[in-house]
Amino acid sequence: IFKHFKIMLLINCQNSKIYLLSFKLKVQKGWDVMASHNSHELAVEKIPHKGFFGHPKGLGVLFFVEFWERFSYYGMRAMLIFYMYYAINQGGLGIDKATAMSIMSVYGALIYMSSIPGAWIADRITGTRGATLIGAVLIIIGHVCLSLPFQMFGLFASMFFIIVGSGLMKPNISNIVGRLYPENDVRIDAGFVIFYMSVNLGALISPIILQNFLDVNNFHGGFLIAAIGMALGLVWYILFNRKTLGQVGMQPTNPLTAEEKKKYTFIIVAIVAVITAVLIVTYLTNTLSFNLVSNTVLVLGIVLPIIYFATMIYSKDVDDTERSRVKAFIPLFILGMIFWSIQEQGSNVLNIYGLEKSDMHLNIFGWTTRFGEAWFQSINPLFILLFAPLISLMWMKMGKKQPSLPVKFALGTFLAGLSYLIMGLIGVSYGSTTFSVNWVILSYVICVVGELCLSPTGNSAAVKLAPKSFNAQMMSVWLLTNASAQAINGTVVKYIDDLGQTTYFILLGSIAVVVTLIVLAFTPIIKKAMKGIH
């Protein structure tokens, strides 16, 4: 059966040929699904299923690719905030701190937002393997731009390439991992745990290594190391992907038809034309500024989730039970957004606060050592690696007695708020004198525990509460909690100087705690709306 099974009617009328438009049979969609499923199963059968700790050999290739990608990203991120606001004579760009923190937040928001079109491109055009490869190349280009003395041009050129590259790579390499296993393979959950380890190992090691470049203000050298790290991942992928991954993910799962290609080409051209026109007009009228970009991202961060939820709630393909579950996800989304707002500020707000207000000396049972400013970015992955098995074991031991989804969400957001309240109270207690960096580390650790309560639960909730017709989109909605949070951060962090850092911490921490308590009060209603999902 051909992939595109069509009937063409050819009518001869008075020696003139009239070609009627082809139409697809109603069963075509069914044939497409079956063909895609069968081709995937055949591709899986042909790859080696053992060779990496009892898992498919291809998992080992993806493990090291993701390790180097995360090494490059988190290493770059650990240095970027300092590169932006350090004075020019210190090797930086001399951007004021409030603007630098806002840029970091908007940057993070756009990276998460780009995963939505990135996943669509893979599904409809390139396949997940093609999207991952292109994304890796673009990320390397982005890091190279930062490693060269291009100043502000290099900064924003780098951000553009890394945003687009991450959008193509981030969602699709995880998709390839899931597609390495035959249907109903019991190893798949463990496989994702191993893959998740690569993320945290890369994030843990790179800031420790790149601290040496920060010590001598050699930012461009550090960014070059990040580029080399990503290049190593790409070389590893090119050398071993054919033998271990076979044809898995090589073809798009739902390729564009000829009609759709014309339609989406027109849409993309129109979008590019509108963006170009806006940039030209704002440039000519001297209104093009970072604030314009920040406000645009803020609007997107608010509007996109509303559109997604409205689409699912009012869709004719969603029944009453599914509609109720989507509504139940809304308060969970709000909690997730507040949590990520605080958690993602660790790379800029809390980082800078610790550098400026603490003694930057780690003290463990009398043993003292200097704490490098880049090391702040290693705290999160370190304690995730340490605590994740313990949290997972605790939930397993509790079994059916473990907290419900809303309570886990609330616990995660409450701990994030608590981490900021602690920093605010420490600021009030010490005033203008310095305090131990251990307090900053404690704030990070408390937020990590909250992340382990909320983040895996968010993935689970997105799957369990998703309508059948919007299964993939619901996961995109969950990713938007982070994108929306950072979009809001891009505006919120601008008020730190006006409020003062201590007041800022107490205000955001209080908001998180209050909203958590409100959601907890409505937990019985949320659980009822979840229609049997625990």
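**Cavities, a pocket and a helix pair**

Tutor: The largest cavity is lined by Tyr-73, Arg-77, Met-104, Ser-105, Tyr-107, Gly-108, Glu-344, Gln-345, Ser-347, Asn-348, Gln-486 and Asn-489. This is a predicted model, in which local features need pLDDT of at least 70, side-chain atom pairs count only at pLDDT 80 or more, and totals for chains, interfaces and linings use all residues. Residues are numbered from 1 along each chain as its sequence is written, and side-chain values use heavy atoms, with hydrogens and water left out.

Student: What counts as a cavity?

Tutor: On a 1 Å grid over the protein atoms alone, a cavity is a set of points where a 1.4 Å probe fits but cannot get out; lining residues have an atom within 4 Å of a point.

Student: What volume does the largest cavity have?

Tutor: Its volume is about 60 Å³, where a volume is the space filled by probe spheres set on the points, and grid points are joined across faces, edges and corners.

Student: How do the residues of its lining divide?

Tutor: There are three nonpolar, seven polar and two charged residues. Ala, Val, Leu, Ile, Met, Phe, Trp, Tyr, Cys and Pro count as nonpolar, Asp, Glu, Lys and Arg as charged, and the others, Gly among them, as polar.

Student: Moving on, how much space lies in the second largest pocket?

Tutor: That pocket holds about 2200 Å³ of space. Among its 44 lining residues, Leu-110, Ile-163, Ile-271, Ile-275 and Leu-300 are the closest to its centre. A pocket is an open set with protein on both sides within 12 Å along at least five of seven lines.

Student: Which helix gives the most to that lining?

Tutor: Helix α3 does, with 13 residues. The lining of this pocket comprises 36 nonpolar, eight polar and no charged residues.

Student: And how do α12 and α13 cross?

Tutor: The axes of α12 (residues 405-430) and α13 (residues 437-464) come within 8 Å and cross at roughly 165 degrees. The two helices are therefore roughly antiparallel to each other, a term for angles over 145 degrees. Their contact involves 18 nonpolar residues, seven polar and one charged.

How values were computed
Axes fitted to C-alpha atoms, helices over the stretch in contact; angles between N-to-C directions. Helix = DSSP H or I, 4+ residues; strand = E, 2+ residues; numbered from the N terminus. Parallel < 35°, antiparallel > 145°, perpendicular 65-115°, else oblique.
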